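Please keep the structure open while reading.

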Amino acid sequence: MLAEWLTTVSFVFGGCCSNAITLEQLTSQFPRAGSLITFCQFAIISIQGLRRHVEWTSYGPRLKPRRIPLMPYLIQVVLFYLVSLLNNAAFAYRIPMAVHIIFRSGGLVVSMILGWIFAGKTYTAAQVMSVTIVTLGVVFTTLSASEPSSNMMHESSTPMYLTGIGILTLALVFSGFLGLVQDYTYTTYGRQPNSAHGSDKASHAPAWQESMFYLHFLALPMFITVRKDLISQFHALSKGPVASYTITVPPSISATIRPSLSIPPPSANLLHPKSSSFLSFTNVETSSTSSFIDTDNLFLRLQLPAACFPLFLNTITQLLCAVGVHRLTTQVSSLTVTLILVVRKAVSLIFSVVVGWGRKTGHPENVNMNMMWSGAALVMLGTLGYSLATNAKNSKKRKLE
């Protein structure tokens with residue numbers, strides 16, 4: 001039990017925080033790569049879940065039996081696709097990572113309004129007060145980066161930033177509707193536990209794995225609507241700066257390929273330090289002016305666009321983050337989930353603002369730090385207050401029943 005808990009927490013903090021770092025690194029260099037990043041994240045999570053949710057029959061592949069029918073997933077898939085795409089697309093409009101993290105924490109406001117309008121939910125005074133504090137924090141955070149930077153004209157910077165805030169706001173609205181649809185789905189079909197017993201365990205994957213897979217897998221065909229953006233973003237990343245990675249060639253392999261690198265022919269022995277080849281042999285200890293490879297000290301050089309490695313790390317860490325959060329919801333109460341995620345966002349914020357990981361510059365561009373930290377504190381305080389108030393309300397309701 002302890003090992004499973006530690007694994008989940010390490011996925012949440014290690015995966016989600018690392019994902020935020022690599023996302024900031026990518027979007028700082030390629031701010032318009034949001035669609036490509038989203039597609040890669042959806043693809044890797046879908047591929048990872050294929051073996052659990054797809055089986056081969058004599059007629060070809062087919063989906064395994066599900067806890068929830070396919071149709072209720074479709075609305076969730078559309079909303080989840082829009083939320084993910086819009087959140088990553090907002091970086092193209094000069095939204096700093098710190099603002100991005102805090103603004104997305106303002107979903108309580110939208111969820112409360114939509115729950116009151118469409119689901120007839122009622123809220124206590126403590127819940128309303130907590131959401132008001134969150135709203136003030138989001139406003140402070142938004143204003144902390146609303147002023148134009150010195151190297152851009154006010155006329156072009158402010159509308160661009162406000163457009164990005166509008167995109168994030170629309171994503172919050174879609175996210176609120178997604179929460180309502182998920183609540184309705186789980187109320188209708190039940191919230192199955194993380195593990196099952198008997199034949200059910202053999203025929204069904206855990207509920208969190210099923211939800212995570214179908215939300216990503218069924219959304220893949222929808223990326224055809226942004227195929228032109230995907231192609232242009234892929235070309236932009238492939239034409240960007242090139243990074244070289246060297247791997248030591250083991251002596252056994254070096255001895256095998258040595259005859260092909262020795263004289264004659266001389267052409268096979270030439271060393272091109274700035275070669276654009278995808279794969280080549282090199283010798284890092286040889287002087288850069290040397291024309292020949294020292295076959296006794298051989299290295300394999302891999303040259304890739306510099307964005308490839310951060311993009312790969314981003315997709316892998318997104319998978320770990322998604323697994324960690326979904327597992328967490330099945331192991332602890334909703335209050336504990338909220339508390340852990342608030343701490344996780346605080347750690348990501350520290351990495352982004354204080355440590356500066358993922359950025360080229362030492363501080364977030366054009367952010368009023370005092371206003372930003374005040375907004376972050378209000379958002380986290382309001383979120384904790386809302387969680388405690390909701391827990392007290394539910395406890396009181398259970399006692400009355």
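## Cysteines and the disulfide

The sulfur of C308 is too far for a bond: the closest cysteine sulfur, in C40, is 9.5 Å away. A disulfide here is a pair of cysteine sulfur atoms within 2.5 Å. C308 is partly exposed, with a relative accessible area of 33%. Buried means under 20% relative accessible area, exposed means over 50%, and partly exposed falls in between (1.4 Å probe, protein chains only).

The model is predicted: local features need pLDDT of at least 70, side-chain atom pairs count only at pLDDT 80 or more, and totals for chains, interfaces and linings use all residues. Residues are numbered from 1 along each chain as its sequence is written, and side-chain values use heavy atoms, with hydrogens and water left out.

The structure holds 1 disulfide. C16 and C321 form it, with S to S at 1.9 Å. The link of C16 and C321 is right-handed, with 90° about the S-S bond. It connects distant parts of the chain: C16 sits in helix α1 (residues 2–29) and C321 in helix α12 (residues 308–331), 305 residues apart. Helices (H or I, at least four residues) and strands (E, at least two) are DSSP runs, numbered from the N terminus. C16 and C321 are both buried. C17 is in no disulfide; its nearest cysteine sulfur, that of C16, lies 6.9 Å away. C17 is buried too, with a relative accessible area of 4%.

N314 counts as buried, at 0% relative accessibility. What does N314 contact, leaving aside neighbours within four places in sequence? The list is N19, T22, L23, L26, I37 and Q41. Contact means heavy atoms within 4.5 Å.

## Overall make-up

The chain has 14 helices and 5 strands. Buried residues make up 42% of its 401 residues. Among contacts in the chain with a separation of 6 or more, 80% join residues 24 or more positions apart. The chain exposes about 21,300 Å², and carbon and sulfur atoms supply 66% of that area. Accessible areas come from the Shrake-Rupley method with a 1.4 Å probe; for residues, only the protein chains shown count as cover.

## Annotated transmembrane regions

The unreviewed UniProt entry places "transmembrane region" at residues 70–91, 97–119, 126–146, 158–181, 335–358 and 370–389. Positions follow the numbering used here, feature names are shortened, and annotations may be inferred rather than shown by experiment.

Residues 70–91 are 91% helix and 0% strand, with end C-alpha atoms 33 Å apart. Residues 158–181 are 100% helix and 0% strand, with end C-alpha atoms 35 Å apart. T158 is found in helix α7. At 18% relative accessibility, T158 counts as buried. The C-alpha atoms of T158 and R94 are separated by 9.6 Å, although the two are 64 residues apart along the chain.

## Aromatic pairs

Rings of Phe, Tyr and Trp (its six-membered ring) pair if their centres lie within 6.5 Å; planes under 30 degrees apart count as stacked, over 60 as edge-to-face and the rest as tilted. By this rule the count comes to 8 aromatic pairs. Y73 and Y214 are stacked, because their ring centres are 5.3 Å apart and their planes are at 20°. Y73 lies in helix α3 (residues 70–89) and Y214 in helix α9 (residues 207–217), so the pair ties together parts 141 residues apart in sequence. Y73 counts as buried at 1% relative accessibility, and Y214 does so at 0%.

Y81 and F223 are edge-to-face, with ring centres 5.1 Å apart and planes at 90°. Y81 lies in helix α3 and F223 in the loop between α9 and α10 (227–238), so this pair ties together parts 142 residues apart in sequence. Y81 and F223 are buried. One aromatic cluster is formed by F39, F42, F80, Y81 and F223.

## The nonpolar core

A nonpolar core is a set of buried Ala, Val, Leu, Ile, Met, Phe, Trp, Tyr and Cys residues joined through side-chain atoms within 4.5 Å. Which members of the largest core touch the most other members? They are I95, F223, L237, L349 and M372, out of 54 residues. Helix α7 (residues 154–189) gives this core its largest share, 8 residues.

Beyond four places in sequence, F223 touches S35, T38, F39, F42, Y81, L85 and L230.
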